[in-house]
Amino acid sequence: MVNERRIVGVAKEASPAARKRTVRPPLEEDVGPRLRAHREQRGLSLRELARRLGVSPSAISQIETGKSRPSVSTLYSIVSELGMSLDELFGAAKPAKAPEPSSPAPAPARRGQRGGDRHVQRADSRATIDLESGVRWERLTPGPDHDMDFLCVTYDVEGSSSEGNRSMRHSGHEYGLVLSGKLEVTVGFDHYVLGPGDSISFDSTVPHRLTNLGDEPVHGVWVVVGRQDDSRSRRFDGDAPPES
């Protein structure tokens, strides 16, 4: 598979830091079919979606069948083109089962009990997506929130928001807080290195890229507001580099 070839290619000159990268499983089984279902609902053929995104049809097919994972930039491109929210990608939380009519009404949940977690997302039950290039997203909202993306993010050693030196851009505004590790953030022609406790905010329409520069995973909290304001997607991995 594509991922296996990429990993083998890197392994030839793998540094000690590179060997610390987590080997991630294929894209979750329900995510690919969910992307395919939205594409079909929009009446888009696989080839047309690939053309709009500037990628090969086989790349889209492998993502939809769960055989490979997209990078952050490619996934943002797909969900933007299909008009999806990240909540739809993660899958809406299942509604709680209503008690049987003959059953007595449950006692009010005390603070800290699971039954009273209507406003709380517990750490051990987050919806998670593992992406290409060593990135993990964990949703921090207990239910759908179509106005913003609220995520716990992990960048493995040498993990990046996109492959190569490409940047991504999309509608909205981003806010990030690094909890551990060292993260390089490039926004336009500005370059920053963020450590634990450092935070950043920027206009997401400006080409940007996030990369783990250190020898340990980067953990942080990321918020994107207004990503769905623009229903038209912006090309990411296919963007031409800026002219010098």
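Where is the place of Thr 154?

Author: Thr 154 sits in strand β3. The model is a predicted one. β3 covers residues 148–155. Thr 154 has a relative accessible area of 7%. Buried means under 20%, so Thr 154 counts as buried. Its C-alpha can be compared with that of Val 178, which is 24 residues away in sequence. In space, the two C-alpha atoms are 9.8 Å apart.

Now follow the chain onwards from β3. A loop runs between β3 and β4 (173–180), and Glu 158 lies in that loop. Its relative accessible area is 36%, so Glu 158 is partly exposed. The backbone of Glu 158 has a phi near 70 degrees, which is positive although the residue is not glycine. Most residues other than glycine have a negative phi.

The largest nonpolar core has 37 residues. Leu 183 is one of the members that touch the most others, along with Leu 35, Leu 89, Trp 137, Val 185 and Trp 222. Which element gives this core its largest share? Helix α5 does, with five residues.

So what is α5 like? The helix spans residues 72–81, and ten of its ten residues are buried; it is therefore largely enclosed by the rest of the structure. The buried residues run from Val 72, Ser 73, Thr 74, Leu 75 and Tyr 76 to Ser 77, Ile 78, Val 79, Ser 80 and Glu 81. After α5 comes Gly 83, with a positive phi near 70 degrees.

Helix α3 meets α5. Two packed helices are described by the angle between their axes and the distance between the axes. For α3 and α5, the axes come within 11 Å and cross at roughly 120 degrees. The two helices are therefore oblique to each other. Their crossing is right-handed. On the α3 side, Leu 49, Arg 52 and Leu 53 take part; on the α5 side, Ser 77, Ile 78 and Glu 81 do. By class, this contact has three nonpolar residues, one polar and two charged.

α3 also meets α4. Here α3 is residues 46–53 and α4 is residues 57–64. Their axes come within 8 Å and cross at roughly 110 degrees. That angle makes α3 and α4 roughly perpendicular, because the range for that term is 65 to 115 degrees. This crossing is right-handed too. From α3 come Leu 46, Arg 47, Leu 49, Ala 50 and Leu 53. They meet Pro 57, Ile 60, Ser 61 and Glu 64 of α4. The contact divides into six nonpolar residues, one polar and two charged. Leu 49 and Leu 53 belong to both contacts of α3.

Another residue pair involves helix α2. Gly 32 is placed in α2, which covers residues 31–41. At a relative accessible area of 0%, Gly 32 is buried. Gly 32 and Ile 63 are 31 residues apart in sequence. Their C-alpha atoms are 5.8 Å apart.

The loop between α6 (86–90) and β1 (128–131) holds Val 120. Its relative accessibility is 36%, so Val 120 counts as partly exposed. Val 120 and Pro 142 are 22 residues apart in sequence, and 5.8 Å separates their C-alpha atoms. Ser 125 lies in the loop between α6 and β1 as well. Ser 125 is also partly exposed, at 44% relative accessibility. From Ser 125 to Pro 142 is 17 residues along the chain and 9.3 Å between C-alpha atoms.

Last, step back to the whole chain. It has six helices and nine strands. Of its 244 residues, 40% count as buried.

Conventions
Residues numbered from 1 in each chain as written. Predicted model: local features only at pLDDT ≥ 70, side-chain atom pairs only at ≥ 80, totals over all residues. Heavy atoms only, no water. Axes fitted to C-alpha atoms, helices over the stretch in contact; angles between N-to-C directions. Helix = DSSP H or I, 4+ residues; strand = E, 2+ residues; numbered from the N terminus. Parallel < 35°, antiparallel > 145°, perpendicular 65-115°, else oblique. Left-handed = near helix turned anticlockwise from the far one by under 90°. Contact = heavy atoms within 4.5 Å. Nonpolar A, V, L, I, M, F, W, Y, C, P; charged D, E, K, R; others polar. Buried < 20%, exposed > 50% of the residue type's maximum accessible area, 1.4 Å probe, protein only. Core = buried A, V, L, I, M, F, W, Y, C linked by side-chain atoms within 4.5 Å.
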